Amino acid sequence: MDGGTGTLLKHSGAHLSHTEYTTLWSAAPLTDPSRHHHVVSAHTKFIQAGANMITSNTYACTLDMLSKAYPNMSLKELTQKRNELAKTAMLLAKEAVDTSKADVKILASIPPLSVSYRPDLVKENDGLIEEYSGLIETISPYADVLLCETMSSLVEAKVAVNAAKEFGGGVDVWCSYTVDESGDVRDGTEIVEAVKALNIDAALINCGTPEACLIALKKLNVAGVTEEMDVGVLPNGYVPIDASTFTLRPGDSTASEDEGSVKPKEIIGRRKEISDNALAFVDVFKEYAENGAKMVGGCCDVMPEHIRAFRIAREGFEKKKVA
Ligand SMILES: [Zn+2]
């Protein structure tokens, strides 16, 4: 699979300011046709590194995110803007796949609708259903898979998955949970229970530390989930995230102040020994495969170099197996 498209966009100069980064995050280059090439290029880099699935850049296409960037827009205008940006993101993913001429699936990212990693900020049910159904109807015509990702709460995951099943036109629905250091969902739900509660075609674990993702995978493997459905793992390269205080809003505690810098500053602590080492995930991904994972890739801070290094190493393991 691919890695952290949002991180790659940040590094590629797709943002005009740190404020734009904290208000629009990965949606920023979608708002401006002269910056669309950054999105195509990010997908292309992962495809060239060996990813056979890419995730659309729709993670920040939420009303909550857009309302920060466009505070004077009505709900109707925000919804139109969301649909426009989400459709653009899907078309840019398709452009990258078509140009590559490779056999690559497009996973349409269906994000949490409020702040990432914060199960305490999940909206009320009715608002969730309405927003998810509108997003899903917009993106599903261009998707091979609808991927509800970085779900920090069972409540939100259930609404997202049910909406994807109902409004997704029959496209396969996968769900990916973000896990804490115990390998469970950030709202405290045990990972096996959280996966079994959903009607999904594949289960994934994303945006936890590599170690936490392994703990979660082992729980799913022991419980037989890896036999029942395909399981994938996409760790990040961050230090453990404090889910009680995380925010992307400028001026809040964990977001850096804007000093007029064009290059966005780090909001979550990176583990440089992982992020800056192309070989960092080779053994980790191998261990995931040995523990039942059918798909591996990365989340925030996982770069094309990491994916490429694993692809090359995997060819080596497979040659050894045959020999
Ligand atoms: Zn992530």
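**Exercise 1.** Within what distance do the axes of helix α3 and helix α5 come, and at roughly what angle do they cross?

*Solution.* The structure is a predicted model, in which local features need pLDDT of at least 70, side-chain atom pairs count only at pLDDT 80 or more, and totals for chains, interfaces and linings use all residues. Residues are numbered from 1 along each chain as its sequence is written.

Step 1: the axes of α3 (residues 36-49) and α5 (residues 75-100) come within 9 Å and cross at roughly 45°. Step 2: α3 and α5 are therefore oblique to each other, where angles under 35 degrees count as roughly parallel, over 145 as roughly antiparallel, 65 to 115 as roughly perpendicular and the rest as oblique. Step 3: the crossing of α3 and α5 is right-handed. Step 4: the contact (C-beta atoms, placed from the backbone, within 7 Å) involves, among others, Val 39, His 43 and Ile 47 of α3, with Leu 92, Ala 96 and Thr 99 among the partners on α5. Step 5: the residues of this contact divide into seven nonpolar, five polar and one charged.

**Exercise 2.** Determine which residues of helix α12 are buried and how they are arranged around its axis.

*Solution.* Step 1: a residue is buried if 20 or more other C-beta atoms lie within 10 Å of its own, exposed if 12 or fewer, and partly exposed in between. Step 2: in α12 (residues 282-290), Val 284, Phe 285 and Tyr 288 are buried. Step 3: seen down the axis of α12, the buried residues fall within an arc of 95°, so they line one face of the helix. Step 4: Asp 283 and Glu 290, on the other side of α12, are exposed. Step 5: just after α12, Gly 292 takes a positive phi of about 100°.

**Exercise 3.** Describe the surroundings of Gly 3.

*Solution.* Step 1: Gly 3 lies in the segment before α1 (5-11). Step 2: Gly 3 is buried, with 30 other C-beta atoms within 10 Å. Step 3: leaving aside neighbours within four places in sequence, the contacts of Gly 3 include Phe 46, Gly 297, Met 303 and Ile 307. Step 4: Gly 3 and Ala 51, although 48 residues apart in sequence, are 8.5 Å apart in space, C-alpha to C-alpha.

**Exercise 4.** Locate Thr 150 and Asp 301, and give the phi of each.

*Solution.* Step 1: Thr 150, in strand β3 (residues 145-151), has a phi near 55°, a positive value in a residue other than glycine. Step 2: Asp 301, in the loop between β7 (295-296) and α13 (304-322), has a positive phi near 75°.

Definitions and conventions:
Axes are lines fitted to C-alpha atoms, for helices over the stretch in contact, and angles run from 0 to 180 degrees between N-to-C directions. Helices (H or I, at least four residues) and strands (E, at least two) are DSSP runs, numbered from the N terminus. A crossing is left-handed if the near helix is turned anticlockwise from the far one by less than a right angle, and right-handed if clockwise. Two residues are in contact if their C-beta atoms, placed from the backbone, lie within 7 Å. Ala, Val, Leu, Ile, Met, Phe, Trp, Tyr, Cys and Pro count as nonpolar, Asp, Glu, Lys and Arg as charged, and the others, Gly among them, as polar. The arc is that of the directions from the helix axis to the C-beta atoms.
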